[in-house]
Amino acid sequence: MELSKTFDSKSAEERWFEKWVELGYFTADPKRGGPVFSIVIPPPNVTGQLHLGHALNVTLHDVVVRTRRMQGFNTLWLPGTDHAGIATQNVVERELAKEGANRHQLGRDAFVERVWKWRETYGSRIMHQLRRLGASCDWSRERFTLDPELSRAVTEAFVRLYKDGLIYRDRRLINWCPRCETALSDLEVDHRQTDGRLWYIRYPFAEGAGSITVATTRPETMLGDTAVAVNPSDYRYRQHIGKKLRLPLLGRELALIADEAVDPKFGTGAVKVTPAHDPADFEIGRRHDLPQISVMDEHARMNAEAGAYAGLSREECRKRVVEDLERDGLLEKVEPHQHAVGVCSRCDTVAEPMLSWQWFVKTKPLAEPAIAAVREGRTVFHPKFWENTYFGWMENIHDWCISRQLWWGHRIPAWWCDHCGGDPIVALTAPDKCPKCGGSMRQDEDVLDTWFSSGMWPFSTLGWPDNTEDLKTYYPTSLLVTGFDIIFFWVARMMMLGLKFMDDAPFRAVYITPLVRDQFGKKMTKSRGNVVDPLEIVDRYGTDAVRFTLAQLAVQGRDLILSDDRLAASRAFANKIWNAARFVMLNLEGAPQPLAPVETDKLRLAERWILDRLDNAIHEVTRAIEAYEFNLAALTLYQFIWHEFCDWYIELSKEPLKADDKEQVKAARWVLVRCLDQLLRLLHPFMPFISEEIWQVIWHYIDAPDLPAHLAIANFPVPADRPRMSDTEQVAMTHCIEATSEINSLRSLLGWHPGERPKAFYGRVGIEEIREIKPYIMTLAKLQSLDRDPHADGARYSRLDWGTFGIEASPNFDLEKARASRSKKLEEIKKLVDQHARRLDNPEFNSKASEDIRQQTTENFVRLKMQQRALEEELAQLNG
């Protein structure tokens, strides 16, 4: 079987992925035995489209999973999608709006049925996209958070938490989205700095003359004020504490109260207290037993409590209130003021703090064991500094609002009696009738926060609450790979719920992926127009090149800068591998299948060196993957394959391959096949398609027992059990490579064409060492001769710490012209170096220039200094 001239990535990707799935290579079996490695995919939203964050996440998952599978672990990688309550409901509602309808016209049951139909049509789209990236998940176990089995688990968890006193219902101030018409958790609200205003409003005393001026960013909510507050230590207001004030526009009597929470430096030091529309005011109101007056409805329109302003939107109301205050002479002044405004993370509508009956989880009793699990090292973060972020949130955690006023999601398993009222019945199944009065029951209208079911993902997907074989075998999972932005949303909740219901942390390690930025270091956003579609770059460069690039750039704790240059380099790497494999196959013509073994201790220095470097690569790649240092693993692979194997050994193998000595041919063939086989196994987790394609033509020659039919399930390599090279031998080969590199640089400098063979010279090298490496240097550097002569006439030399090497100039080489050209270029570079140095030393530049400009200037300075040193070295060589 032969390899074509070029690698057809698209054909290979489709062919091999379907074959691997068809043969069940990714299917887990709890009865298989052996060490277990399990991992669950962070379930993408059913509405999702593949983005570079997904591509990075899947790549790193797959590198570890394929490695563990090849190492003999009983491996499970469980895929699935999240029903994404608000996001999915919004998508379908937008479809309805285009049809001139809304969900209320359809009714709840018909709307939910419409969402299910949408999910059947579009919901598997992102899973197909993940398959294109080569994700070796157990696709037979694909889960969806609204699957019947998972819904049963969610109900079970809710009921247990309720019975344990960890779920309760309360009327509290929550974040409300008027567009989505649902409660939002604090984490679902994005806070954006906004250029707003600060209105200074006079609140007259109820008796006598005078007033107290308060500053507010939201004059429309003053209609719900129930007090004015000052700090008890603020001397300006001590004599007025306890007096009554009159609420402007509505005339309601308010108390002037003292509370430590008031900042005397904000505005006038006096603040209006609106317990139903501000979180801080809500807490002040509780401490002082103030009334809670809500002046808006669920659409953020003013209600009857707003008096003459009822029916207005909050924006219209603000305008009217300000006009009326000005008319009444109660608006003292208006100042510009920048402040944070909370918006719904799903639709960007300004969120409204609103009093509402909601369901909550008591989180502190759940957070304490989750904190302990990380502090005690039962779950470890990579990079470790993310543990501080985790602790910072968990140690200051608030109760979790888990109810949402949506129709798409897990409906809360609580039932109410409309006849006798009272507490709800929380149960696994609907009660037939009210146990108190025998009346009919209705289920709570709310659904659960999406993150409630997602928080159960590591064990609900394995069959909990049943004690299944999957659950016993694969929980806890081995690793979680996820983004930093959902440490709070997801990681913390999985920790809390996993420890609560399984009495063990859901994963042993958490790897936080870096943020993917564009080639200029900018965050990718739709507004910047720099978002990259992973499938587009897959079509352009091939899946293997995209995967290798992402792994190569995944440095722990640093953002990932993606560029076309990087992707092109990885595609070139794939071509290099392909061409190396073609070279090996061309030189196996007529060879036995499999190749006969050789005595490795009798091999030449070059063969023993490349086998030693192979073992070193195996050790380092394995270590790096196990430490989640994906970039180091990829770098080691690149260095070994491109440089040590292709650039050096393949060139060195050409002489023995065409030798008359059959033993030399046999040895060179065996070493080439050994290296190619092992490097393909090492490469497979990163570049699965090209490695499988090549392995299919090479495996017939491999001298090993019980070889599988496909690389996907072959054994991961381990260093060979043989004596390592001596230090002397390793130094000799290092010197061989260094000498060859210096001679090749001199060839270029002195005008030699690739096909020409110059005479070369050496000095200060030991007799034994030069005898060993001289034939290799002559082959690699394409020399006519290599003689001892440290001062040959007309030769130009390069001096190393351990020896000197030189070559004669090409017959047509103009030495003076070369000197003049480089001298001129050196002067130009020196001027640029000085300009950049002065700029970087300039305090004004450092204070005014943007971070991007400063970084670019520094990088240019470093690059120019390197060019200067290289030119100085070349001139020194030309000058003899």
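**View 1. An open sheet of four strands with mixed pairing, in a predicted model.** In this predicted model, four strands form an open sheet in the order E27-E26-E29-E28, and their pairing is mixed; strands, like helices, are DSSP runs numbered from the N terminus, with at least two residues (E) for a strand and at least four (H or I) for a helix. Two strands count as paired if DSSP finds at least two bridges between them. Strand E27 (785-788) and strand E28 (795-799) stand at the edges, and because each has a single partner strand, one side of each is left without a neighbour in the sheet. From one strand to the next, the twist averages 25°. Strand E26 (residues 759-763) pairs with E27 in the parallel sense over four bridges, and Phe761 has Asp787 in E27 as its bridge partner. Helix H24 (residues 767-781) packs on the sheet, where it touches E26, E27 and strand E29 (804-808), and its direction makes about 160° with that of E27; contact here means heavy atoms within 4.5 Å, and angles run from 0 to 180 degrees between N-to-C directions, with axes fitted as lines to C-alpha atoms, for helices over the stretch in contact.

**View 2. An open sheet of three strands with antiparallel pairing.** The strand order is E19-E18-E20, and the pairing is antiparallel. Strand E19 (425-426) and strand E20 (441-443) each have a single partner strand and stand at the edges, so one side of each is left without a neighbour in the sheet. Strand E18 (residues 414-417) runs antiparallel to E19 and is joined to E19 by two bridges, and Val426 in E19 is the bridge partner of Ala414.

**View 3. Helix H1 and its buried residues.** Helix H1 (residues 9-22) has 14 residues and reaches 20 Å from its first C-alpha to its last, close to the 20 Å expected at 1.5 Å a residue; the expected span is 1.5 Å times one less than the number of residues. In H1, Ala12, Glu13, Trp16, Phe17 and Trp20 are buried, a word that means under 20% relative accessible area, whereas exposed means over 50% and partly exposed lies in between (1.4 Å probe, protein chains only). Gly24, which follows H1, has a positive phi, near 75°.

**View 4. Two pairs of packed helices.** Helix H19 (residues 605-626) and helix H20 (residues 630-657) pack at an angle of about 170°, with their axes 10 Å apart. That angle makes H19 roughly antiparallel to H20, since angles over 145 degrees count as roughly antiparallel, under 35 as roughly parallel, 65 to 115 as roughly perpendicular and the rest as oblique. In the other pair, the axes of helix H23 (residues 727-749) and helix H27 (residues 851-878) come within 12 Å and cross at roughly 80°, which makes H23 roughly perpendicular to H27. Here Glu742, Leu746 and Leu749 in H23 meet Glu874, Gln877 and Leu878 in H27.

**Notes on the views.** Residues are numbered from 1 along each chain as its sequence is written, and side-chain values use heavy atoms, with hydrogens and water left out. Because the model is predicted, local features need pLDDT of at least 70 and side-chain atom pairs count only at pLDDT 80 or more, while totals for chains, interfaces and linings use all residues.
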